[in-house]
Amino acid sequence: MGGTGFRKSSKMRCDTMTNAESKACEVIMNPTNPIFKDVHTRKFQGCPTIAVTKRGRIFLGCYSGGTGEPDIDNFCLLIYSDDGGATWSDTLLVIPSSRERMVQTLDIQLWIDPEGRLQLFWAQNNVTVAEKEFCTEENMKIRGGFATETGHFFREGFYYDDKKHAWWNIVCDDPDSELVFSEPRYLGYGFLRNKPIVTESGERLYLTYDQLNDRYGYHVSKDGGKTFEHRYGAKKIATQCDEAMAYQMEDGKIRMLARTCNGTIAESSTYDLVNWSETVSTGIPNPGARFYIAKLPSGRVLLVNNDDSKSRISMSLYLSEDDGLTWKYKMNIDDTVDTSYPDADLTPDGKIVLTYDRSRWSLREIAFCTFTEDDIINNREVKVNIVLKP
């Protein structure tokens, strides 16, 4: 497989800057600390992401550490498989939060770009110490956190009030051989919780968002991700987290879908990545959770979604033959309570790999499965395996 490492840039960052956007948290290759290696000790685990290289290596990342989300001890981690997901490596890479700098890391996102490189994105948020009146014995025992009157999350003496989000990235140029990553790069403000898409015109669309704006935020790159332009689109339908995704339709229109608080998925569309239609409901049920949608090489559209308007249950596969206007095929693959955050990718031979989480605080399981479009069409059983669990 070759060596593993972390390539240092000749241009070092200024170590005196400590806020989330000015300095990346440490990227640790092949960690030896049991906190990062021993899955059995983890009290929280979820929000996975997956990507498959051109030669079939599968990378899987997730978000863990601490007692929940958000937490000053959260970290992002990365593992991989060279046998189609039958077995998985030890923890290859972690990006831990920094108590010293009061910066939280969260929600790793993976993408294989058109050049075949592994793009690894994550968010960093500033953390502040909570006021003394919140640090009661009762509150300090809270594991799920809670929103204060100002909308900020509190956990064990800390406020998580950074709603803007710092967007960071590292890149592995040849993920099928030597796993060496670039120096961390700050890309801008925004939270990326999806795979970017490349439009027919060659522009790259990154549906980044912040929670301070009432419009959907996004970045556009016209030079293959070297530079970015930050823009805002249509006004949101009320949501705590946008986590929007997009695909390009047959007529060239880019259709963006986003989670909401009203029990359905919202949509807005554009032809030029500038002018967006008014946001409306698709009518697709969703309990205000991340879903996955993508255009497949066959022309069909795949949607992975909790098929319920209130609860994170019924993880289901949908397949459309008319550009996502209707969903001719649908099958449930998991009835476990509290399943969420599906992410998928394609293998070189056209199979679909999928990951999602199951009960982040109790089961703490990261699920994985492989299936085909024909499996959905013919309603064949999809075997779900657990990759990471306590």
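**Cavities in the predicted model**

Colleague: How many cavities of 30 Å³ or more does a search of the whole structure find?

Modeller: This is a predicted model. The search covers the whole structure, with a cut-off of 30 Å³ or more. The number of cavities found is two.

Colleague: How much space lies in the largest cavity?

Modeller: Its lining includes Leu207, Met256, Ser268 and Trp276. Tyr216, Gly217 and Tyr218 are also among the lining residues. The space inside is about 40 Å³.

Colleague: Which element gives the largest share of the lining of the largest cavity?

Modeller: Two elements give two or more residues each: β21 (229-235) and β20 (215-221). Gly233 and Ala234 line this cavity, and both numbers fall within the range of β21. The largest share is three residues, and it comes from β20.

Colleague: How many residues of that lining are charged?

Modeller: Six residues of the lining of the largest cavity are nonpolar. Three are polar.

Colleague: What volume does the second largest cavity have?

Modeller: Lys164, Tyr189, Gly190 and Thr208 are among its lining residues. The volume is about 30 Å³.

Colleague: How many charged residues does the lining of the second largest cavity have?

Modeller: By class, four residues are polar and three nonpolar. The charged count is two.

Methods
Residues numbered from 1 in each chain as written. Predicted model: local features only at pLDDT ≥ 70, side-chain atom pairs only at ≥ 80, totals over all residues. Heavy atoms only, no water. 1 Å grid on protein atoms, 1.4 Å probe; cavity = no way out; pocket = protein on both sides within 12 Å on 5 of 7 lines; lining within 4 Å. Points joined across faces, edges and corners; volume = space filled by probe spheres on them. Helix = DSSP H or I, 4+ residues; strand = E, 2+ residues; numbered from the N terminus. Nonpolar A, V, L, I, M, F, W, Y, C, P; charged D, E, K, R; others polar.
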